[in-house]
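Biologist: I am new to this structure and would like to go through it with you. Could you put it on the screen, please?

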Amino acid sequence: PSRTMARFSPLVLALALLAPVVTAFTVQRTPSFVRKHAGATTVSMALGDADEPIVLIGVAADSGCGKSTFMRRLVQNFGGSNVGPLGGGFGNGDGWETNTLVSDDVTVICLDDYHLNDREGRKVTKRTALDGAENNFDLMYEQLAALKSGKSIKKPIYNHVNGTLDTPEEIKPTNIVIVEGLHPFYDERVRELMDFSVYLDISDEIKFAWKIQRDMEERGHSLESIQASIESRKPDFDQFVGPQRAYSDLVISVLPTDLVADDVGKTLKVKMIQREGVDNFDPVYLFDEGSTISWVPCGKKLTCSFPGIKFAYGPDVYFDKEVSVLEMDGKFDNLQELIYVESHLSNTATKFYGELTQQMLKLSDAPGSDNGTGFFQTLCALKIREIYEKITSKKVAADPISA
């Protein structure tokens with residue numbers, strides 16, 4: 001089928017809006033180059049070589065779980081002057097429906113593009129896109145391995161507008177490649193390619209509350225139809241998507257609050273579950289590493305309206321693996337005061353005092369910016385930047401002046 005001019009996916013649109021934000025962040029990278037030594041020896045390094053590695057990050061989540069916002073927080077750490085959909089969009093007269101976002105140093109690939117069948121084909125197979133059998137993991141592995149080794153690929157496009165599989169698009173390697181979708185850790189071969197893996201885990205109660213708000217209040221759907229939609233997806237989600245939490249290096253888990261009765265999801269308890277012993281990753285901790293701590297910071301330095309804020313930290317076991325868990329219940333009244341909480345955290349991967357707070361303020365209009373979802377997504381994004389620097393021996397420049 002031919003490429004069709006259509007609207008961009010929500011993820012691409014959300015990230016394209018980030019372009020003015022990220023210009024203050026640039027990767028000090030070494031592209032392919034030739035060095036001459038005393039004996040006239042020439043050493044050539046190309047992107048994807050052992051000395052110029054490409055970092056592959058996986059993000060797993062269901063639809064409507066905040067992937068788009070998390071991608072914005074993540075991409076702003078790497079920046080570049082050109083951020084937008086692959087192909088440049090409609091402005092150049094040759095745009096196409098794409099799920100891929102590119103910048104100077106980052107490529108974000110939506111794994112929906114590896115659906116085995118289009119929407120009509122799934123009606124024939126009677127399987128949902130959540131089903132592992134509806135995804136082409138052989139091609140996904142082959143192409144991500146090629147991309148990680150520095151080769152360009154011709155990746156398929158799943159057109160979310162009309163449900164078709166469109167003409168493949170060329171993806172060129174960049175310093176960091178992020179793959180996001182339902183199944184980044186489902187296939188062992190693909191899983192082994194990842195340098196770091198993140199799972200955004202939204203509890204059923206919060207999913208239901210958020211979907212009611214979106215579909216009932218904004219789209220006029222009935223409560224019964226919303227409940228039926230959630231229940232129809234749940235078996236496949238629990239079988240094919242949820243188990244990937246066991247393979248994730250970091251899980252951001254969004255739960256109902258313990259502070260007050262709340263069945264609409266306005267107040268959230270969020271956990272950042274960090275696996276111990278992961279290469280190039282040192283878990284963030286509160287006050288004293290390895291201790292078990294409960295902390296209510298509300299007072300003279302942090303304004304808290306009812307029901308307040310509570311932090312917790314301590315060791316735990318998650319899917320039979322040792323983890324450190326950082327927890328926040330409640331929401332911030334004043335983001336600028338967040339620096340007080342930041343000052344009590346260690347291993348945050350910030351480059352200057354207050355950078356975590358600055359990053360939150362940059363996207364203060366984004367969903368979750370006043371609670372633990374935005375807070376831990378931002379922390380996770382800073383840690384991924386640190387992982388990138390450790391793997392590549394490159395430095396990402398951050399600009400404190402633009403706070």
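Biologist: Is Lys383 buried or exposed?

Modeller: Lys383 counts as buried, because its relative accessibility is 2%; buried means under 20% relative accessible area, exposed over 50% and partly exposed in between, with a 1.4 Å probe and protein chains only. This is a predicted model, in which local features need pLDDT of at least 70 and side-chain atom pairs count only at pLDDT 80 or more, while totals for chains, interfaces and linings use all residues. Residues are numbered from 1 along each chain as its sequence is written, and side-chain values use heavy atoms, leaving out hydrogens and water.

Biologist: With which side chain does Lys383 make a polar contact?

Modeller: The partner is the side chain of Glu386, at 2.9 Å. A polar contact is a pair of N or O atoms within 3.5 Å; within protein, one must be able to donate a hydrogen and the other to accept it, and residues adjacent in sequence count only if both atoms are side-chain atoms.

Biologist: Which residues does Lys383 touch, not counting those up to four places away in sequence?

Modeller: Among them are Phe281, Asp282 and Asn347, where contact means heavy atoms within 4.5 Å.

Biologist: Which helix holds Lys383?

Modeller: Lys383 lies in helix 11. Helices (H or I, at least four residues) and strands (E, at least two) are DSSP runs, numbered from the N terminus.

Biologist: How many residues of helix 11 are buried?

Modeller: Of its 21 residues, 19 are buried, so helix 11 is mostly covered. Just after helix 11, Ser393 takes a positive phi of about 60 degrees.

Biologist: A change of topic: how many aromatic pairs does the structure hold?

Modeller: There are ten aromatic pairs. Rings of Phe, Tyr and Trp (its six-membered ring) pair if their centres lie within 6.5 Å; planes under 30 degrees apart count as stacked, over 60 as edge-to-face and the rest as tilted. One of the pairs is Phe137 with Tyr186, which is stacked at 5.1 Å centre to centre, with 20 degrees between the planes.

Biologist: Where do Phe137 and Tyr186 lie?

Modeller: Phe137 is in helix 5 (residues 137-148), and Tyr186 is in the loop between strand 10 (176-181) and helix 6 (188-193). Phe137 is buried, with a relative accessible area of 8%, whereas Tyr186 is partly exposed at 34%.
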